[in-house]
Amino acid sequence: MTDTPEVRAAQPWWRAAVFYQVYPRSFADGDGDGIGDLIGVREKLGYLELLGVDALWICPVMRSPMADGGYDVSDPRDIDPLFGGMAAMDALLAEARARRIKVTMDLVPNHTSSEHPWFAAALAAGPGSRERDRYLFRDGRGPAGDEPPNNWPSIFGGPAWTRVTETDGRPGQWYLHIFAPEQPDLNWENPEVAADFEQTLRFWLDRGVDGFRIDVAHGMAKPEDLPDMPELDVSRLLAHDANDPRFNNPAVHEIHRKIRKVLDEYPHAVSIGEVWVDDNTRFGEYVRPDELHLAFNFRLAEVRFEAAAIRDAIENSLAAVEPVGASPTWTLSNHDIEREVTRYGGGAAGVARARAMILVELALPGAVFLYNGAELGLPNVDDLPEEALRDPMWERSGHTERGRDGCRVPMPWEGDAPPFGFTTGEPWLPMPPQWAALTADKQLEDLGSTVSLYRMAIELRGTRPEFRGSELEWRHSPQGCLEFRRPGGLICVVNTSPDPIPLPPGEFLLASMPLASGRLPADAAAWLVRVDTIT
């Protein structure tokens with residue numbers, strides 16, 4: 001199909017959108033309790049509008065005991081008072097709509113909280129009951145049933161099974177929890193589970209939400225008989241292996257088809273799957289026309305800053321969706337992944353490489369997801385005091401894995417000392433004093449800052465015709481460098497070599513670092529417009 005302005009205007013809004021991920025407890029605190037909330041998000045919508053993003057992805061804010069940062073949901077159709085309650089959500093949706101910013105929210109279909117009314121009913125009802133059938137309860141192995149039903153490990157460490165005490169006081173059945181014990185897995189073969197999730201979808205869509213990020217979208221279906229799994233490397237959160245029976249079972253696709261039928265009744269809405277699947281063919285199955293609209297491909301977030309590795313990640317991501325006609329997605333970090341500045345080496349080099357990679361990412365066709373704080377060039381905080389750690393992985397691993405708190409430290413907004421305007425109270429995670437140079441206020445006043453680079457790049461991406469087209473053309477470039485071109489005329493060059501390189505012919509648009517005598521420095525990227533497209 002010819003890519004014309006009319007064709008682009010007719011495409012769904014999400015195909016090339018720039019999403020901004022809000023980790024609510026770390027974004028902005030509106031009530032002074034030290035934990036970010038929806039009141040704070042609403043107060044910062046002007047900043048997000050200035051940044052130029054099209055949509056928000058808000059991590060879980062539903063009612064929860066917060067055993068896993070809100071991913072343990074006790075009521076999926078209400079907002080937790082910690083985040084301001086339903087009134088705060090409604091106010092946020094209204095103001096975001098007025099600013100033409102879409103709002104998508106996290107949904108967690110794989111499991112509930114252990115404090116969900118369903119789970120309380122399951123414990124009370126006993127083995128063989130209708131209530132227990134909503135979850136995955138099994139008798140234990142061994143003569144006394146005192147061994148777990150299979151050998152599956154939890155993502156957070158330890159076994160994926162916990163034994164319950166029955167109402168008569170005797171040791172009873174075991175229940176499955178791929179994550180923490182406070183997150184019992186649902187049985188998606190039970191029709192009540194699917195019906196309740198459909199009710200949740202409609203509840204939020206009717207309220208004005210523009211779609212959902214589906215947590216662990218490759219995990220809801222479990223294999224029949226729950227067989228033992230082979231010994232795998234399970235040290236990486238949600239790492240996928242083709243032989244891992246916990247994830248990517250074929251029956252999950254029928255679940256997504258049912259979800260899609262609901263979303264198709266709301267043409268504006270988008271579903272975005274968290275899909276940790278390495279095989280491109282299997283990944284593509286999740287974004288077939290009757291399943292998810294988009295799915296996260298994490299290859300670009302996992303590669304080192306090296307030209308050949310970056311190109312391989314891009315080519316793999318494009319190849320995964322091309323056969324099914326889906327849009328690719330791009331992200332460099334999120335609330336589960338080490339921040340890119342640290343991943344690329346930290347210090348000045350890490351910042352330079354992260355700035356280069358955002359130009360690479362925004363130059364690619366498809367949807368882009370930015371994690372709050374990436375636009376400030378924030379590094380991971382890997383020296384948090386042990387007593388401050390909150391990630392369940394810390395406790396579940398016996399204090400051997402520090403978990404993900406290092407990428408969840410609150411945003412620095414203004415001022416010269418913590419909490420940098422994030423809160424009027426004590427922030428839930430300590431903030432480094434050296435972030436005084438990275439606050440949003442300081443960076444917005446500096447045209448050479450990382451946040452200014454993001455603003456300029458997002459604006460160019462959204463307004464220049466050179467970014468049109470879904471294909472890439474790779475061009476010859478010096479050793480350690482990449483150059484690709486878009487059909488509309490955009491040229492993106494990235495230099496991962498140690499030496500400056502000459503730029504190809506074209507009209508200069510933007511660079512991640514100042515040019516040196518017209519040459520692109522090491523650890524930098526640039527955008528140009530192809531000479532034959534300049535009028």
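View 1. The model is predicted: local features need pLDDT of at least 70, side-chain atom pairs count only at pLDDT 80 or more, and totals for chains, interfaces and linings use all residues. Residues are numbered from 1 along each chain as its sequence is written, and side-chain values use heavy atoms, with hydrogens and water left out. Helix H4 spans residues 85–98 and helix H6 residues 191–207; they pack at about 50°, axes 11 Å apart. Helices (H or I, at least four residues) and strands (E, at least two) are DSSP runs, numbered from the N terminus. Axes are lines fitted to C-alpha atoms, for helices over the stretch in contact, and angles run from 0 to 180 degrees between N-to-C directions. Met86, Met89, Asp90, Leu93 and Arg97 of H4 meet Phe203, Trp204 and Arg207 of H6 (contact: heavy atoms within 4.5 Å). Five of these residues are nonpolar, none polar and three charged. Ala, Val, Leu, Ile, Met, Phe, Trp, Tyr, Cys and Pro count as nonpolar, Asp, Glu, Lys and Arg as charged, and the others, Gly among them, as polar.

**View 2. H11 and H14 are roughly parallel to each other**. The axes of H11 (residues 347–363) and H14 (residues 450–463) come within 10 Å and cross at roughly 10°. From H11, Val351, Arg355, Ile358, Leu359 and Leu362 take part; from H14, Thr450, Leu453, Tyr454, Ala457, Ile458 and Arg461. The contact has eight nonpolar, one polar and two charged residues.

**View 3. Five strands form an open antiparallel sheet**. Their order is S14-S15-S16-S20-S18. Strands pair if DSSP finds at least two bridges between them. S14 (473–474) and S18 (507–511) are the edges; each has a single partner strand, so one side of each lacks a neighbour in the sheet. S18 pairs with S20 (residues 524–529) over four bridges. Glu507 stands opposite Val529 in S20. H11 lies across S15, S16, S18 and S20, at about 35° to S20.

**View 4. The largest cavity holds about 170 Å³ of space**. A cavity is a set of points on a 1 Å grid over the protein atoms alone where a 1.4 Å probe fits but cannot get out; lining residues have an atom within 4 Å of a point. Points are joined across faces, edges and corners, and volume is the space filled by probe spheres set on them. Sixteen residues line the largest cavity; Pro76, Val108, Leu186, Asp196 and Phe197 lie nearest its centre. H6 gives the largest share of the lining, four residues.

Terms used. Angles under 35 degrees count as roughly parallel, over 145 as roughly antiparallel, 65 to 115 as roughly perpendicular and the rest as oblique. On a 1 Å grid over the protein atoms alone, a cavity is a set of points where a 1.4 Å probe fits but cannot get out, and a pocket is an open set with protein on both sides within 12 Å along at least five of seven lines; lining residues have an atom within 4 Å of a point.
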